[in-house]
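Let's take a friendly walk through this structure together. Please keep the sequence and the 3D view open as you read.

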Amino acid sequence: MKTSVQPDHRALAEALRRRVLEGPGRSDPALRRAAAASAAGGPPAEPPYDELARQIGDAACRTTDAHVANVLQGTQSEKAAFEVIFAASVGAGLLRWERAIKALEEVTDAPA
Amino acid sequence: MRLREVERGDGVGNRLLIRFISMVTRMRLPDAARVAFYHKDFGGPLGAWTQAAMRGPSPWTIGERELMAAMVAKWNACTFCVSAHSAIAAKQLPRTSVDRALADFRAAPIADGLKATLAFLEKMTVRPWELTPDDARAVLRAGVSAAALTDAIAVASLFNIITRYADALDFAMPTEEEFDRAGVMLLKRGYGSR
């Protein structure tokens, strides 16, 4: 049912973070968190994952077949490779969410 | 598509569904939809947030939110998402406004509040570490409410995720006519396939 209440973006962002970076999957959640942190400009993930994670964070449009092939070789599973790509993307997106909401909240106490 | 299983679908049910939709719509199901069908348990929260941000209640129209998505795609150089979301935006806003915003949003015939918001979203996308409260203050001074800016930030955050996996996975580019038809479906059905 439609309501006039705006979405609770903060809760939706947190649900995404928890599922992708902490939840079960074919890949180790610690690897997903490392890929997300690397894509957000944090410490590097272990090889062969860091090169792809960093590329996704900096300029995903310049990702190459080799970046993905190397990750696939590491994970030995397409589903796990997908999770790493997804996690790196989420890391870069949620970094922006947090920075932008912080800038807004420093001006007003509006709920996010 | 760099991962074959995402393209084919995981499980017999999804493979049949992808074939069925492609047959009924007489076009290859776009890769964005294939990702939405894949590993649903994992990506479900992204679909839920996208549906809420793009189609939920908001001071922004659907056309304005689709334009924001297209602009984030442009700043991230994601050709697939620029084409997909500018096609949808142009079904809700004048085509010239969409095209001129993509060329130079500051000179486009769009509302001042939307221009100020796009300036914030551009910095958030390209130089997020430089965002300050003054950037948010400038948007509020343009008459945009804090709730509206929050909605816009959610749209831009989501498309900073979606554009990245679209390019990392190397989504195949549909034709202009296929983007147009897919846009009609996204307007009708929303983003709730996850």
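A residue is called buried if 20 or more other C-beta atoms lie within 10 Å of its own, exposed if 12 or fewer do, and partly exposed in between, with C-beta atoms placed from the backbone. By that count, buried residues make up 49% of the 194 residues in chain B.

This is a predicted model, in which local features need pLDDT of at least 70 and side-chain atom pairs count only at pLDDT 80 or more, while totals for chains, interfaces and linings use all residues. Residues are numbered from 1 along each chain as its sequence is written, and chains are lettered from A and ligands numbered from 1 in the order in which they are written. The predictor's confidence in each residue, pLDDT, runs from 0 to 100; its mean over chain B is 94, and 99% of the residues in chain B reach 70 or more. For the complex, the predictor gives an ipTM of 0.94 and a pTM of 0.95.

**Chain B as a whole**

Chain B has 11 helices and zero strands. Here helices (H or I, at least four residues) and strands (E, at least two) are DSSP runs, numbered from the N terminus. The radius of gyration, taken over C-alpha atoms, can be set against a globule rule of 2.2 Å times the number of residues to the power 0.38. For chain B the radius is 17 Å, close to the 16 Å that the rule gives for 194 residues, so chain B is as compact as a globular protein of that length. Along the principal axes, its C-alpha atoms fill a box of roughly 55 × 30 × 30 Å.

Two residues are in contact if their C-beta atoms, placed from the backbone, lie within 7 Å. Of the contacts in chain B between residues at least 6 apart in sequence, 70% join residues at least 24 apart.

**Where the chains meet**

The contact takes 50 residues from chain B and 43 residues from chain A. On the chain B side, α10(B) gives the most, with 18 residues. That side has 31 nonpolar, 11 polar and eight charged residues, where Ala, Val, Leu, Ile, Met, Phe, Trp, Tyr, Cys and Pro count as nonpolar, Asp, Glu, Lys and Arg as charged, and the others, Gly among them, as polar.

How many residues of α10(B) are buried? The helix is mostly covered, with 22 of its 24 residues buried. A helix is expected to span 1.5 Å times one less than its number of residues; for the 24 residues of α10(B) that should be 34 Å, and its end C-alpha atoms are 35 Å apart, which agrees. After α10(B) comes D170(B), whose phi is positive, near 60°.

**The nonpolar core**

A nonpolar core is a set of buried Ala, Val, Leu, Ile, Met, Phe, Trp, Tyr and Cys residues joined through C-beta atoms within 7 Å. The largest has 98 residues, and those with the most contacts inside it include A88(A) and I153(B). Helix α5 (residues 78-105) of chain A supplies the largest share of this core, 16 residues.

A cis peptide bond joins P47(A) and P48(A), with omega about 5°.
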